[in-house]
Amino acid sequence: MHTDWRCDNCGDVPPFHVAEHISAEIVDSVLRQPAPERVPFWCPWPLPSGWMVTGVGWAGDDRRGVRASAISCSGPEPLGGGPADVVLIAEHPGVGLGTRFAGIPGIDPGYLIAEALADPSGHAGPHAKIKAGGHPTPLWCVKSPEDRSAYVSEAKGMWLYAVAWPASAGYFLAEHVVLHDLVEGVPPELVYGAPSPYLHGRA
C-alpha cells in the first residue's frame, strides 16, 4: 500500500491537499504539517495594494511529509483589466505540482529554463527579478497555455513557480515583489480573501 496519487503522464506523485477556506488559523495549521526537509510557503510581503491571500495547499503525505507548497493571492490585474490571481509554488525536485499549475508537461522545469536561456530572439532573460527570502531571485517565463503566464526559478534549493491568471497578470512580478517564507513567521497584518478558483481546481 502507498499513498501516492497516480498521474497518467508522470507516474506516482504526492497527493495534493487544499484548505477549503483561508484564515490565519488555517495557515497556522498548514504550517504545522510534518516536513523532514522544510518547504518554504512563499507569500508576497508586503502585499501589493488591493491584494489578498486567497488559499493555501500542500503536496505530501504522513510518510514523507510536505514535499511542495502553494499559496494563492488575488488582487487587481496590473494592467487594469479586472481581477487577477497568482499561485506561488515551492517544491522539491520530482514533485510536479508547479508544472501541473503552469499547464506544462513533465515534473521538473529544467528543460524549459534551458529553452528560455537559448531563446533565439535575444530575450533569454531573466524575465523578472524579485526577492525571495532576502535574496535577489531571477525568474524565467516559460511556455504555458495562453490563459496564464508561468515563471520559474530556484530558491532555498527548491523550484519556485509563479503562475498568473490571466496571462497579463504576470506583470505583477514587475512590481518589486518581495517573497516572505511564512514558515519563518506569519505577518499578523496579512489580509485574507475569498478562496482562489485556480487553487481549487479551475486551473
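A: Two strands count as paired if DSSP finds at least two bridges between them. The model is predicted; the mean pLDDT of the protein chain is 89, and 90% of its residues reach 70 or more. Residues 1-11 are another matter: pLDDT stays under 50 there, although the model has 22 contacts beyond four places in sequence for this stretch.

The part to start from is strand E5, residues 52-61. Buried means under 20% relative accessible area, and 9 of the 10 residues of E5 are buried, so the strand is largely enclosed by the rest of the structure. E5 is joined to E6 by a hairpin through 3 residues. E6 covers residues 65-76 and runs antiparallel to E5, with 9 bridges between them. Asp 61 stands opposite Gly 65 in E6. E5 also pairs with strand E3 (residues 16-18), in the antiparallel sense and over 3 bridges. Here His 17 stands opposite Trp 58 in E5.

These strands belong to an open sheet of 10 strands with mixed pairing, in the order E3-E5-E6-E7-E11-E10-E9-E8-E12-E4. Its edge strands are E3 and E4, each of which pairs on one side only. On average, neighbouring strands of this sheet are turned by 30 degrees against each other, direction ignored.

Further along the order, strand E8 (residues 128-132) pairs with E9 in the antiparallel sense over 5 bridges. The bridge partner of Ala 132 in E9 is His 135. A helix, H3, lies across E9, E10 and E11, running at about 85 degrees to E9. H3 spans residues 110-117, and its buried residues are Leu 112, Ile 113 and Ala 116. Seen down the axis of H3, these buried residues fall within an arc of 100 degrees, so they line one face of the helix. They pack against E9 (135-142), E10 (149-155) and E11 (158-165).

Cys 43 has a relative accessible area of 1%, which is why it counts as buried. Leaving aside neighbours within four places in sequence, Cys 43 is in contact with Val 53, Ile 71, Leu 88, Val 178, Leu 179, His 180, Leu 182 and Leu 190. Cys 73 lies 30 residues from Cys 43 along the chain, and their C-alpha atoms are separated by 8.1 Å.

Note on methods. Residues are numbered from 1 along each chain as its sequence is written. This is a predicted model: local features need pLDDT of at least 70, side-chain atom pairs count only at pLDDT 80 or more; totals for chains, interfaces and linings use all residues. Side-chain values use heavy atoms; hydrogens and water are left out. Buried means under 20% relative accessible area, exposed over 50%, partly exposed in between (1.4 Å probe, protein chains only). Contact means heavy atoms within 4.5 Å. Helices (H or I, at least four residues) and strands (E, at least two) are DSSP runs, numbered from the N terminus. The arc is that of the directions from the helix axis to the C-beta atoms. pLDDT is the predictor's confidence in each residue, from 0 to 100. Axes are lines fitted to C-alpha atoms, for helices over the stretch in contact, and angles run from 0 to 180 degrees between N-to-C directions.
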